[in-house]
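Visitor: I have a structure open and would like to go through it piece by piece. Can we start with the charged residues and move on from there?

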Amino acid sequence: MNDIEKAKVEDLKILDGFCLLDDFFMTVVFDRNIRATEFVLNIILGRDDLKVIEVVAQRDYKNPLPGGRSIRLDIYAKDADGKVYDIEVQNENAGADVHRARFHSSMLDTKMLKEKQKFKEIHDSYVIFITKSDYMKMGLPMYHVERTVRETGALFGDGSHIIYMNGSYKDDSDPVGKLMHDFRCTSSVDMFYQELANPVSHFKETEGGRNQVCKAMEEYGKRIAIKEKEESALKMIVRGKLTIEEIAEDLGLPVERVEELANLQLV
């Protein structure tokens, strides 16, 4: 068995352990999958009329600095009324920090409002975190965060909504409980909902689907490797002991990219 074959076998082992609470696998399953996205959002938002228009995995609001505050909208969708929905699955509760939720919400607003558009025309936004454990630690299936007027307790009503989903919630009689159960499953045969079981089965149990995931994992690994090199380059630039050319040669990066990082550091 050559190195390429060994790497593929290792990737398949990793794939077998994936569930929808794993950020990478979630993006693969939901990318352009309008039916599954629509199904999940209707359960979370307690609706049956949601019509998803677009689903885009890994949509980036880019920050040019490595390790900067870039965010990724794992699922981006709009309903017929123009409302925007953002679902981000985090592997660690640390990824769902309240300040991160605030940042996500503000970025959604920035993208929605066009030039010369009136502020009152901005539509409702939803930032939804689904975490493996109970981030709020109150034992509830989900937590709705809304701005309120402190003196009266009345809702501010600005159309900004944040929802934390408790991925550890268990109740097979509750649609949300069943949904969280399915997000924890590593096998499609254990799932309640066919809307989720079918795509999971495709990517885990068919040759074409497994090959697609392995290819995506390989590309993802390459991007991570480049990011790590750029982070190292940034540290070396700050130390100031090596020239741009020496840093580029040592890390195997294009000189132009290292120069770009150096210029950003000076800003």
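Visitor: Which helix does Asp250 lie in?

Guide: Asp250 lies in helix α8. Helices (H or I, at least four residues) and strands (E, at least two) are DSSP runs, numbered from the N terminus. A word on the source: this is a predicted model, in which local features need pLDDT of at least 70, side-chain atom pairs count only at pLDDT 80 or more, and totals for chains, interfaces and linings use all residues. Residues are numbered from 1 along each chain as its sequence is written, and side-chain values use heavy atoms, with hydrogens and water left out.

Visitor: Is Asp250 buried or exposed?

Guide: Asp250 counts as exposed, because its relative accessibility is 53%. Buried means under 20% relative accessible area, exposed over 50%, and partly exposed in between (1.4 Å probe, protein chains only). The areas come from the Shrake-Rupley method with a 1.4 Å probe, and for residues only the protein chains shown count as cover.

Visitor: Which residues gather with Asp250 in the patch of negative charge?

Guide: Glu245, Glu246, Glu249, Glu256 and Glu259 gather with Asp250 on the surface. Such a patch is made of residues with over 30% relative accessible area and no salt bridge, with like charges joined within 9 Å and nonpolar side chains (Val, Leu, Ile, Met, Phe, Trp, Tyr) within 5 Å. Asp and Glu count as negative, Lys and Arg as positive, while His and the chain ends are not counted. The place of a charge is taken as NZ of Lys, CZ of Arg, CG of Asp or CD of Glu.

Visitor: And which helix gives the most to the negative patch?

Guide: That is α8, with 4 residues. Both α8 (244-251) and α9 (255-266) supply at least two residues each.

Visitor: OK, salt bridges. How many does the structure hold?

Guide: There are 9 salt bridges in the structure. The term stands for a side-chain nitrogen of Lys or Arg within 4 Å of a carboxyl oxygen of Asp or Glu.

Visitor: What does Glu230 pair with?

Guide: The side chain of Glu230 meets that of Arg257 in a salt bridge, 2.7 Å from N to O. This pair links distant parts of the chain, with Glu230 in helix α7 and Arg257 in helix α9, 27 residues apart. Helix α7 covers residues 207-239.

Visitor: Are those two buried or exposed?

Guide: Both Glu230 and Arg257 are buried. For Glu230 the relative accessible area is 13%, which is why it falls in that class. Glu230 also has Leu261 at 7.9 Å, C-alpha to C-alpha, although 31 residues separate them in sequence.

Visitor: What does Asp158 form a salt bridge with?

Guide: With Arg147, where the closest N and O atoms are 2.5 Å apart. Asp158 and Arg147 are 11 residues apart, both in the loop between β6 (142-145) and β7 (160-166). Asp158 is partly exposed at 34%, and Arg147 is partly exposed at 46%.

Visitor: Which residues are linked in a network of salt bridges?

Guide: Arg47, Asp49 and Asp79 are linked in one. Within it, the closest N and O atoms of Arg47 and Asp49 are 3.1 Å apart. Arg47 counts as partly exposed at 23%, and Asp49 is partly exposed at 46%.

Visitor: New topic. Why is α2 described as largely enclosed by the rest of the structure?

Guide: Because 8 of the 8 residues of helix α2 (residues 23-30) are buried. Among them are Phe24, Phe25, Met26 and Thr27.

Visitor: What does the side chain of Thr27 have a polar atom 2.6 Å from?

Guide: The backbone oxygen of Phe24. Thr27 is buried, with a relative accessible area of 3%.

Visitor: What follows α2?

Guide: Arg32 does, with a positive phi near 65 degrees. Most residues other than glycine have a negative phi, and most peptide bonds are trans. Arg32 is found in the loop between α2 and α3 (34-44), and at 64% relative accessibility Arg32 counts as exposed.

Visitor: What is phi of Lys137?

Guide: Phi of Lys137 is near 60 degrees, a positive value in a residue other than glycine. Lys137 is found in the loop between β5 (125-131) and β6, and Lys137 is exposed, with a relative accessible area of 67%.

Note on methods: A polar contact is a pair of N or O atoms within 3.5 Å; within protein, one must be able to donate a hydrogen and the other to accept it, and residues adjacent in sequence count only if both atoms are side-chain atoms.
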